[in-house]
Amino acid sequence: MDLISKVKPANSLGRRAISLSRARPRFMVHVLAILLAGGAGERLHPLTRDTAKPGVPFGGVYRIVDFTLSNCVNSDIRRIFILTQYKSLELNRHIRYGWHIFSTERGEFIDILPPMKRVSDEWYQGTADAVYQNLQSILTESPTRY
């Protein structure tokens, strides 16, 4: 007798059968991911000569940013801001053409936010400054703190 025939079905154990299609947790609807994807990537030169580090190709059609976006999607985070700064054209195109899987009717999105210099005349001075300079956009989405 093999192992599969020894396993009892879920219903015979008095438990509900587990559905393979996961329902999105209610609290994840209010989560907003903020990705800082605009690094100049001097240490990766010449790969970053024409594009930002997150836009560097990896494994054929993928880009480095796809690791982080895949983690967000697999964690049921479907509201994502990507803050860019340097050489972002290739990255913008990749996001536009490769990540159009979100449902706007359900409030899901990926938005690319270039530096807008709302707070000062400086480019992003680091991660915290990038978040601070985009605080108005973040508050508009009214994410919930957990």
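## Overall composition

Of the 146 residues in the protein chain, 34% are buried, where buried means under 20% relative accessible area, exposed over 50%, and partly exposed in between (1.4 Å probe, protein chains only). The model is predicted: local features need pLDDT of at least 70 and side-chain atom pairs count only at pLDDT 80 or more, while totals for chains, interfaces and linings use all residues. Residues are numbered from 1 along each chain as its sequence is written, and side-chain values use heavy atoms, with hydrogens and water left out.

The protein chain contains five helices and five strands; these are DSSP runs numbered from the N terminus, with helices (H or I) of at least four residues and strands (E) of at least two. Their order along the sequence is α-β-β-β-α-β-α-β-α-α. Among contacts between residues at least 6 apart in sequence, 65% join residues at least 24 apart, a contact being heavy atoms within 4.5 Å. The chain exposes about 10,300 Å², and carbon and sulfur atoms supply 56% of that area; accessible areas come from the Shrake-Rupley method with a 1.4 Å probe, and for residues only the protein chains shown count as cover.

## Strand 4 and its neighbours

Strand 4 (residues 79–83) runs parallel to strand 1 (residues 33–36), and four bridges join the two. Strand 4 also runs parallel to strand 5, with five bridges between them. Strands are taken to pair if DSSP finds at least two bridges between them. On the strand 5 side, the bridge partner of I80 is I110.

Five of the five residues of strand 4 are buried, so this strand is largely enclosed by the rest of the structure. Both of its faces are covered, with R79, F81 and L83 on one side and I80 and I82 on the other.

## R63 and its surroundings

R63 is located in strand 3 and, at 17% relative accessibility, counts as buried. Its contacts, not counting residues up to four places away in sequence, are P54, G55, V56, P57, F58, E90 and H94. A polar atom of the R63 side chain lies 2.6 Å from the backbone oxygen of G55. This is a polar contact, defined as a pair of N or O atoms within 3.5 Å; within protein, one must be able to donate a hydrogen and the other to accept it, and residues adjacent in sequence count only if both atoms are side-chain atoms.

The side chain of R63 also meets that of E90 in a salt bridge (3.7 Å, N to O). Since R63 lies in strand 3 and E90 in helix 3 (residues 89–98), the pair ties together parts that are 27 residues apart in sequence. E90 is partly exposed, at 31% relative accessibility. R63, E90 and R93 are linked in a network of salt bridges.

## Other salt bridges

The whole structure holds five salt bridges, each being a side-chain nitrogen of Lys or Arg within 4 Å of a carboxyl oxygen of Asp or Glu. One of them joins R79 and E141, whose closest N and O atoms are 3.4 Å apart. R79 lies in strand 4 and E141 in the segment after helix 5 (135–140), so the pair ties together parts that are 62 residues apart in sequence. R79 is buried at 8% relative accessibility, whereas E141 is partly exposed at 22%.

Another salt bridge connects R49 with D50, the closest N and O atoms being 3.4 Å apart. R49 is partly exposed, with a relative accessible area of 49%, and D50 is exposed, with 56%.

## Surface patch and a loop residue

F58, V61, Y62 and F67 form a nonpolar surface patch with about 460 Å² of accessible area together. Patches are made of residues with over 30% relative accessible area and no salt bridge; like charges are joined within 9 Å, and nonpolar side chains (Val, Leu, Ile, Met, Phe, Trp, Tyr) within 5 Å. Y62, one of the patch residues, belongs to strand 3 (residues 62–63).

V119 is in the loop between strand 5 (109–113) and helix 4 (127–133) and is partly exposed, with a relative accessible area of 42%. V119 touches Y132 and Q133, not counting residues up to four places away in sequence. V119 and L135 are 16 residues apart in sequence, and their C-alpha atoms are 9.4 Å apart in space.
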